[in-house]
Amino acid sequence: MGTSVQVTPLSGAYGEGPLCYLLAVDGFRFLLDCGWTDLCDTSQLQPLAKVAPTVDAVLLSHPDMMHLGALPYAMKHLGLSAPVYATEPVFRLGLLTMYDHFLSRWQVSDFDLFTLDDVDAAFQNVVRLKYSQNFILNDKGEGIVIAPHVAGHLLGGTVWKITKDGEDVVYAVDFNHRKEMHLNGTVLGSFVRPAVLITDAYNALNNQGYRKKQDQDFIDSLVKVLASGGSVLLPVDTAGRVLELLLILDKYWGDRRLEYPIYFLTNVSTSTVDFVKSFLEWMGDHIAKSFESSRANAFLLKKVTLIINKEELEKLGDSPKVVLASMASLEVGFSHDIFVEMASEARNLVLFTEKGQFGTLARMLQVDPPPKAVKVTMSKRIPLVGDELKAYEEEQERIKKEEAIKASHVKEEELKTSHGSNAKASDPMVIDASSSRKSANVGSHFGGNNDILIDGFAPPSTSVAPMFPFFENTAEWDDFGEIINPDDYTMKQEEMDSSLMLGPRDGLDGKIDDGSARLLLDSTPSKVISNEMTVQVKCSLVYMDFEGRSDGRSVKSVIAHVAPLKLVLVHGSAEATEHLKMHCAKTLDSHVYAPQIEETIDVTSDLCAYKVQLSEKLMSNIICKKLGEHEIAWVDAEVGKEDEKLILLPPSSTPPSHKPVLVGDLKLSDFKQFLENKGWQVEFSGGALRCGEHITVRKIGDSQKGSTGSQQIVIEGPLCEDYYKIREHLYSQFYLL
């Protein structure tokens, strides 16, 4: 049998919940994403809690809550301790996302599911990889290679390819085939016949229009509200799709010379944009080229103001403005408070650019028709005063005393343990109880006081008198002083990187903005006060799809092109999942699965894989040709056994001749350029390449059932001198075996 593969959804199956899946490859257990909703409901993590301690590696695909939100909690409470793999942007922006989420929660509640220290600890285990970088796992994962590839959707978004014994398992969720203002489209379409493809059905029922028209409608709706004296709120994520929105607004505001202020408001807004400025190589090709030619950074925003508190907004009063504020769910954060302030004014607009998570205020407001009134809880943190402050200080003092007593007891137990049964033989200062009593009597005869009170010091019962610990320094010395080992004082590069990114929260490397850092470092005792209120929703509510995912038509086309041997569908409503499952079952020559949560499916390949060695005799007769980073050759051999291993030996008889094989992937656009460089007059006509006056070259592929097999190159035209010259040029584009 081939490589053993099992898939178990832990969340995000037959529903739009957070993404989290268990993938077992020959017993090595991958956790594919570790998402959570903004509600932070621990009951959602019960399936994860059952398997977290057994996970061997975690693969993160996108830097938002739905893909990595539960990582700090799982590592603190659920026993997850595996190394985490992600791209650099997913690591950095994911860290900022979790910081923003914690700060938003902490400002309005006594949030204790995780702390910023837990966030640091979780991301300290992240191994950062580059796109297309093959990373070979060791120990239990020996023979498994993982590699991240471009997914689109979010900056650093990843399609994961996991390879074992020549078989590929591809995890591709929330991908986008379209090129956007700051991102390239996914490369998923370049994969051919993987053993298993795990993808989502989220957008299977949705079809999108033209992007330019969508952008135009988006800007027009904003300008219409602003011109009438209203303001616009865009609830957004911390560091995901908001980046595309910022570029769209900055561009159109500049093109139209609009003067309405735009504010990007999160707890880490300035840090987010500062980091993004350094990630140009992870963005679209046009952004990198623009920077190379003119040193223009797309994220030097000219029309957008970055703020980390509401003071700037309050200065403007009711004047027209656009505010992009976290969080997109409206559950907590700046967007929640601003919505409450803006909802009662009919001239204002709340524009949603993504579907709200189930159970959140945003999802409630996106129903049709929208509610006329909603109940919300307004909370804020205020300092303690008067009797509350006095009671708090007394309680803290009591806790400190209890901890000091407990610590002294622990030390006493440790000292008793260290002075065990062999203490008499090893410590000349320890004597038996009778000697101790004699020493005490002697002291009393000489008028000494043997009742010695030393605050905070509990001497062991076996000692003669209270003694402080003494440790003999056995270090070697020379004429210049103590001999040291320089390696003990050398800071490794990874430790330096870790200290820069994960050190104390004092604003290092711009992780937390100054205002947020001051908020955290403020040790003034405080409490949270809350009150429920009913908000009359009179403002306009609009949803426009700026989620940056491939639509249903494109998803079906990409899956048909990839043509996996086995397809696993996850993350989508029950209707969308069933629709895509039925479509793929009819049109693909593949096994299609759509497991429920905690349902394990076996998608082990039906193919058999064997490892064989090439004998030295065989290799001595092979002539290899260079093909990129590899060498290829045609081999005729016989299979034999040597030391219980399969080995390829030279054939015992003369093998029959084989038809020539042309190896390579010809693009007609590249061939056109090649012929033009040779002096030929070439042009495209009806999808074919017309060479000179008489010869046509066209590419024909088998399009039935999404097959991605071999393609045919057809040369049409009369047998003339041009025909043979074009054929010779065509052959030169391939390797002949």
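**The sheet and its surroundings**

A: Helix α6 (residues 211–227) lies across β12, β15 (322–326) and β16, and runs at about 165 degrees to β16. Helix α8 (residues 269–277) also packs on the sheet, where it touches β13 (262–265) and β14, and its direction makes about 120 degrees with that of β14. (Helices are DSSP runs of H or I with at least four residues, strands are runs of E with at least two, and both are numbered from the N terminus; contact means heavy atoms within 4.5 Å; angles run from 0 to 180 degrees between N-to-C directions, with axes fitted as lines to C-alpha atoms, for helices over the stretch in contact.)

Please keep in mind that this is a predicted model: local features need pLDDT of at least 70 and side-chain atom pairs count only at pLDDT 80 or more, while totals for chains, interfaces and linings use all residues. Residues are numbered from 1 along each chain as its sequence is written, and side-chain values use heavy atoms, leaving out hydrogens and water.

The sheet itself is open, with six strands in the order β14-β13-β15-β12-β16-β21 and parallel pairing (a pair needs at least two DSSP bridges). At its edges stand β14 (304–307) and β21 (540–543), each with a single partner strand, so one side of each has no neighbour in the sheet. On average, neighbouring strands here are turned by 20 degrees against each other, direction ignored. Two bridges join β12 (residues 232–236) to β16 (residues 349–352) in the parallel sense, and Val232 has Leu349 as its bridge partner in β16.

Arg549 counts as buried at 11% relative accessibility (buried means under 20% relative accessible area, exposed over 50%, partly exposed in between, with a 1.4 Å probe and protein chains only). Its side chain makes a polar contact of 2.7 Å with the side chain of Asp174 (N or O atoms within 3.5 Å, where one must be able to donate a hydrogen and the other to accept it; residues adjacent in sequence count only if both atoms are side-chain atoms). Leaving aside residues up to four places away in sequence, Arg549 touches His153, Asp174, Phe175, Asn176, Tyr202, Asn203 and Gln208.
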